[in-house]
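Subject: A structure for you to look at

Hi there,

Here is the structure I promised to pass on to you. Have a look at it first, and then read my notes below.

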Amino acid sequence: MFHAVIAKKARIDNITDGATRHPREDLVTSALFGTVTFLTPPARQAALSTLIGHKLPADAKVILWPRLAPCAGTDGQRTEPDVVLEYPGKTGPEYWIVEVKWGAALGDDQIRREIDAVRDGGCPKGALPNPPRAVVGYTLLGLEAKHTKMFDRARESCPGSDTALEFQSVSWPDLTERLRALTQAKDTDPGLKAWADATATFLSCTPQGAVLGKWPDLTVPPAVTFFFDDGTGCDAQ
């Protein structure tokens, strides 16, 4: 999908607007997180760290859309976060949740429900081990102004047991800039550099990820004096 959009063979709005059975967030999630699985472990660790706005301590397993059984207080609703990253921690596996938004709103208590489900919910398909699980972080990727109030409320409402849980939010323009910086680093892995370049170029072709370019350097002309036919003059500075 990246290359079709970049080459103007397809428009991202046409792709996503026609995605009735597969919401636009799922297509973008697949394009971003599905492709990192082809990178080497160190490159994948760097790519995921860039996507979630947090430096991961190790390479992570990418789990897309795990279906989690209802937890207490969820009114019997199943929960399906977009991405769960699993990586080794000091005392066992640790988990980082990523929710991807491509213009859609956050659901009521969506963040809290996802955290509770990944920590305590059963996973019938076996994508995650049996609970309880150590959830250490949550990233909202695709943050917009309309998400800020609910995101801040979720962060402030975490009970004492979640004091170590870190929250991050990344807007699409911010991600575009971070990916561009990654491509310019001298020691960047070639595969990682190619992935970051394709991803940044893709995002810059979309309304969500476009970034205003740098203003050109302006040269100030020297001071001059203009004279008119009546003999008067004025200085331009």
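**What I found**

The structure holds 3 aromatic pairs, where rings of Phe, Tyr and Trp (its six-membered ring) pair if their centres lie within 6.5 Å, with planes under 30 degrees apart counted as stacked, over 60 as edge-to-face and the rest as tilted. In one of them, the ring centres of Tyr 138 and Phe 167 are 6.1 Å apart and the planes sit at 40°, so this pair is tilted. Tyr 138 belongs to strand S4 (residues 134-141) and Phe 167 to strand S5 (residues 166-170), so the pair ties together parts that are 29 residues apart in sequence. Helices (H or I, at least four residues) and strands (E, at least two) are DSSP runs, numbered from the N terminus. Ring pairs also join Tyr 138, Phe 151 and Phe 167 into a cluster.

Before you go further, please keep in mind that this is a predicted model, in which local features need pLDDT of at least 70, side-chain atom pairs count only at pLDDT 80 or more, and totals for chains, interfaces and linings use all residues. Residues are numbered from 1 along each chain as its sequence is written, and side-chain values use heavy atoms, leaving out hydrogens and water.

Is Tyr 138 buried or exposed? Tyr 138 is buried, with a relative accessible area of 0%; buried means under 20%, exposed over 50%, and partly exposed in between (1.4 Å probe, protein chains only). Phe 167 is buried too, at 10%.

Now to the nonpolar cores (sets of buried Ala, Val, Leu, Ile, Met, Phe, Trp, Tyr and Cys residues joined through side-chain atoms within 4.5 Å). The largest has 32 residues, and Leu 48 and Trp 195 are among those with the most contacts inside it. Helix H8 (190-204) is one of the elements that give two or more residues to this core, and H8 provides its largest share, 6 residues. Apart from this core lies another, of 21 residues, including Tyr 138 and Cys 71.

Thr 29 is found in helix H3 and counts as buried, at 0% relative accessibility. A polar atom of its side chain lies 2.6 Å from the backbone oxygen of Glu 25.

Happy exploring!

Technical notes: A polar contact is a pair of N or O atoms within 3.5 Å; within protein, one must be able to donate a hydrogen and the other to accept it, and residues adjacent in sequence count only if both atoms are side-chain atoms.
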